[in-house]
Protein chains: 2
Amino acid sequence: MEMDLTTLRAESRRLAVELVKVLAARREIVNKIAEHKKTLGVEAVAPDVEKEVRRAMLEEAAKHGIPEETINRIATIIFSDAVEQQTSTPKQKLTHFDILRRAVELQKNGREVQRLEVGEPDLGAPPEVRHSAANALLEGYARYIDSRGLAELRAQIVNQVYEKHGFEITPENVVITPGGRFAIYLAAKTLLREGDELLVIDPSWPMYRQVAPFVGARSVHVKTLFEDGWTPSIDAVERHISSSTKAIILNYPNNPTGKILDRTTFNKLVELATDHGITVISDEVYADYVRDGHVSILDNDLGKQHVLIQSFSKSYGMTGYRIGYVIADKNLVAKMASIIGLVITCVPEFIQRGALTALGLRDAPKEYAAIMMRRMEKAVHELEKIGAEFYRPDGGMYVFPRIGKLGEDAMATAFELLESKGVAVAPGSLFGGYDDFIRISLGAPDESIVKGIRLLGEFIAEKGRARG
Amino acid sequence: MEMDLTTLRAESRRLAVELVKVLAARREIVNKIAEHKKTLGVEAVAPDVEKEVRRAMLEEAAKHGIPEETINRIATIIFSDAVEQQTSTPKQKLTHFDILRRAVELQKNGREVQRLEVGEPDLGAPPEVRHSAANALLEGYARYIDSRGLAELRAQIVNQVYEKHGFEITPENVVITPGGRFAIYLAAKTLLREGDELLVIDPSWPMYRQVAPFVGARSVHVKTLFEDGWTPSIDAVERHISSSTKAIILNYPNNPTGKILDRTTFNKLVELATDHGITVISDEVYADYVRDGHVSILDNDLGKQHVLIQSFSKSYGMTGYRIGYVIADKNLVAKMASIIGLVITCVPEFIQRGALTALGLRDAPKEYAAIMMRRMEKAVHELEKIGAEFYRPDGGMYVFPRIGKLGEDAMATAFELLESKGVAVAPGSLFGGYDDFIRISLGAPDESIVKGIRLLGEFIAEKGRARG
């Protein structure tokens with residue numbers, strides 16, 4: 001028998017209300033679970049449980065032809081509702097930007113501060129780049145262009161990839177982004193959906209753990225240890241892979257440790273990811289800052305599974321220009337370009353022309369790298385003098401010494417170091433709970449690095465005496 | 001009797017699956033409704049029916065102490081899922097960028113094309129701006145700066161707002177963005193969550209309907225009519241407000257119609273939004289392109305509920321510089337700045353210095369506006385000659401004439417116009433299903449506009465004859 005529109009609408013309304021009733025019943029159960037957990041002292045968020053429930057929901061949905069996206073969105077809402085039901089503790093709010101802000105404040109008040117907290121080289125862009133971008137500006141290269149980026153620039157990147165890695169890509173594999181951060185955001189936004197997981201090897205740059213929730217996903221962290229020379233155990237990585245894992249970020253030379261993986265480990269990680277159908281996001285923005293060479297994802301075959309993140313900030317000192325790029329499968333690149341088209345239109349052409357000039361400068365990255373490696377040697381020498389333990393960096397622009405637990409709270413200790421000695425650093429807690437470590441940036445003049453580490457030595461000694 | 005954790009978890013999982021089953025049952029009913037509607041020729045979205053269902057769901061939720069927000073978000077998701085079920089027609093894939101691409105292709109092949117499809121003025125930045133930005137580049141103003149933007153630039157915006165609107169804001173109400181698009185994205189990302197609704201008055205710029213799903217929300221559209229002079233009915237707007245509505249976008253001078261609301265209607269809309277606790281996002285990027293003056297959200301009191309979107313692209317011809325700003329409540333501004341910090345770090349300082357110079361040029365916006373208004377007069381004159389109906393724009397850089405239904409598909413007709421007459425325009429279908437209309441952009445030289453409209457006249461006449 002056919003129902004009429006009014007009857008059908010009444011039925012659809014009844015079922016919508018029924019949906020709320022089921023939700024209410026589930027919330028009651030969740031409340032009981034929360035009470036149990038409180039008694040047992042267990043955390044509110046149980047990712048494995050959530051994952052299993054999501055999977056069961058999707059399985060049921062598939063039977064009825066309900067789009068995955070609809071269920072994923074509803075699951076996310078009921079899970080976040082459940083967590084809100086269960087928790088009430090505020091999250092840690094201070095970051096190394098707060099240290100930066102305080103350092104600037106102290107300097108403005110006439111205080112001498114060794115600024116070893118910033119992840120920005122102090123080198124600036126080569127004069128050729130400045131002139132090229134300035135001329136492009138004067139000549140009016142400032143209209144909307146292709147969201148993927150300037151054809152000439154992408155072509156030049158294609159050539160450089162072939163020269164460096166003997167690997168053939170096409171301009172369709174390249175998209176120009178407003179900086180490395182945006183490149184990572186694009187990778188996360190295109191690879192991860194609501195409820196997906198991003199694997200991160202700690203210690204790691206804070207952005208990785210921030211970008212996952214920003215796109216509705218979750219970051220899952222694999223710890224590595226100083227004692228293991230910051231080399232991840234393949235088994236440990238594999239143990240953290242779930243059916244929700246969609247991508248893993250590799251960042252070598254590493255921020256903050258300066259580690260570069262040996263080729264065998266690197267390749268094993270890539271293979272592991274490929275076997276599990278997981279995309280490798282390889283953030284290689286420090287690739288030119290190396291002592292002996294670098295292992296790149298581009299040395300392997302670039303299949304659908306690889307996303308390279310690159311930037312002009314480090315190799316060419318173009319930090320404030322905000323320009324970087326992604327190399328990936330062309331379908332992914334097309335998606336990224338359409339996001340750029342939606343939210344930014346394009347990276348300014350005059351900046352892209354500056355970057356094109358930069359790529360023609362074969363010596364600049366080497367000169368900049370030489371400066372960083374010279375500073376690295378000085379930092380290493382000073383750290384040895386104060387008796388700190390650290391992994392001797394293979395590259396990058398940071399050293400990550402162990403200073404021990406000097407106080408209850410790593411961030412508070414970093415602030416104390418800043419206030420008492422005028423040395424600004426990033427506490428290890430920011431890189432995944434490495435409270436015993438601090439990150440020293442080499443983006444400052446040599447004198448500042450040397451002086452900063454000496455003052456750090458004094459600070460550690462004084463704290464030690466005060467304790468003991 | 002107490003259940004243990006395992007039993008409780010199994011029960012919570014069962015209820016999650018039960019939720020999907022109820023949803024599946026509801027979808028079946030919705031399918032039947034869709035068939036009925038197709039027979040009756042009724043539209044898929046029925047705001048009044050949706051509202052009644054939502055109300056019933058909230059009523060049930062209240063009995064169980066479920067937060068309204070949870071139910072609102074779930075309701076929006078099941079409604080948008082239902083609409084997708086009902087409108088089984090594939091989504092239109094071609095945009096005016098495809099027309100742009102084809103136009104460029106034809107030009108490259110030596111064909112003369114009147115380029116009236118692009119929303120970009122052809123004016124370029126004033127020489128003072130170019131020089132200022134170029135000098136800043138040469139002087140090395142290219143390091144990371146405050147994500148909120150350069151203090152001097154924000155201070156200057158504060159001054160200008162006071163001068164223009166007699167309204168006091170502080171630099172904490174201002175955040176500099178990489179263009180107007182990013183400003184709108186930031187507004188959407190900070191104001192809307194999964195399952196929220198964004199109210200849009202059609203005809204409207206396509207970005208508004210794209211940004212809502214991009215942040216997990218849904219855009220709900222209120223139609224306005226040519227016959228009503230594109231003035232929205234306050235009642236119609238109110239009918240489309242639901243408890244999930246978090247923001248409404250106003251865009252006057254309007255893209256594509258050139259409409260500016262009278263102050264009474266504008267204020268009524270703002271009041272309506274305020275009464276319902278809805279934020280008004282006022283996109284005023286065309287504010288300087290006006291015949292007699294402009295109604296701004298800043299003329300009203302700027303409370304928490306208002307977000308102004310502004311850009312340097314139109315007033316100063318700085319399209320490819322990618323710089324704009326938001327004026328809003330300081331908490332919202334802080335959130336937006338932290339998003340910029342996360343995904344872009346900051347807008348390049350040399351660009352911000354160019355913008356600072358631009359703000360000091362009092363005549364440039366007037367000169368640019370005069371050019372646009374001169375072109376507007378010419379376009380109006382030519383459109384009258386070919387006998388097209390249109391609303392005479394109060395401002396903006398577009399005319400939106402009714403050309404009638406010249407074919408089955410508006411986009412196909414636009415391509416036909418391009419191929420046969422060498423005239424590129426944006427079909428009205430892109431602005432919310434206004435298939436009888438086309439958008440003519442005034443971002444092209446006067447001759448091009450005049451010639452393009454004459455050729456359009458020929459095209460319409462020929463199509464008319466062909467039909468008999």
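## Stop 1: a buried arginine in a loop

Start with A:Arg322, which sits in the loop between β7 (306-311) and β8 (324-328) of chain A. Helices (H or I, at least four residues) and strands (E, at least two) are DSSP runs, numbered from the N terminus. The model is predicted: local features need pLDDT of at least 70, side-chain atom pairs count only at pLDDT 80 or more, and totals for chains, interfaces and linings use all residues. Residues are numbered from 1 along each chain as its sequence is written, and chains are lettered from A and ligands numbered from 1 in the order in which they are written.

Is A:Arg322 buried or exposed? A:Arg322 is buried, with 29 other C-beta atoms within 10 Å. A residue counts as buried if 20 or more other C-beta atoms lie within 10 Å of its own, as exposed if 12 or fewer do, and as partly exposed in between, with C-beta atoms placed from the backbone. The phi angle of A:Arg322 is near 55 degrees, a positive value in a residue other than glycine.

## Stop 2

Select B:Trp230 next, in the loop between β4 (218-223) and α9 (234-240) of chain B. Its phi is near 60 degrees, again a positive value in a residue other than glycine. B:Trp230 is buried, with 23 C-beta neighbours inside 10 Å.

Stay in chain B and select B:Asp202 and B:Pro203. The peptide bond from B:Asp202 to B:Pro203 is cis, with omega near -5 degrees. B:Pro203 belongs to the loop between β3 (197-202) and α8 (206-214) of chain B.

In chain A, select A:Asn255 and A:Pro256, which are joined by a cis peptide bond with omega of about 20 degrees. A:Pro256 is found in the loop between β5 (245-250) and α10 (263-275) of chain A.

## Stop 3: a strand of chain B

Select residues 174-177 of chain B, strand β2. In a regular strand the side chains alternate between the two faces of the sheet. Here B:Val174 and B:Ile176 point one way, B:Val175 and B:Thr177 point the other way, and all are buried.

Two strands pair if DSSP finds at least two bridges between them. Which residue of β8(B) stands opposite B:Thr177? It is B:Gly324.

## Stop 4: the nonpolar cores

A nonpolar core is a set of buried Ala, Val, Leu, Ile, Met, Phe, Trp, Tyr and Cys residues joined through C-beta atoms within 7 Å. The largest one has 249 residues, and those with the most contacts inside it include A:Ala187, A:Val326, B:Ala187 and B:Val326. Centre on A:Ala187: leaving aside residues up to four places away in sequence, A:Ala187 touches A:Ile281, A:Val307, A:Ile309 and A:Val326.

## Stop 5: where the chains meet

Show both chains. How many residues of chain A are in contact with chain B? 74 residues of chain A are in contact with 77 residues of chain B, where contact means that C-beta atoms, placed from the backbone, lie within 7 Å.

Several helices of chain A each supply at least two residues of this side, including α1 (5-40), α2 (47-64) and α3 (68-86). α1(A) gives the most, with 24 residues.

Now superpose chain A on chain B: this takes a rotation of 179 degrees with 1.5 Å of shift along its axis, and gives an RMSD of 2.5 Å. That is the relation of a two-fold axis. To find the axis from chain A, select A:Ile74, the residue of chain A that comes closest to it, at 0.9 Å (C-alpha). The copies meet through the same surface, because 99% of the interface residues of chain A are also interface residues in chain B.

## Stop 6: domains of chain A

Colour chain A by domain: domain 1 (35-89), domain 2 (96-119 + 364-467) and domain 3 (127-360). The bounds come from an automatic or database domain assignment. Between domain 1 and domain 3 of chain A, 8 residues of the one are in contact with 8 of the other. On the domain 1 side, α2 and α3 of chain A each supply at least two residues.

Conventions: Contact = placed C-beta atoms within 7 Å. Least-squares fit on C-alpha atoms with pLDDT ≥ 70 in both.
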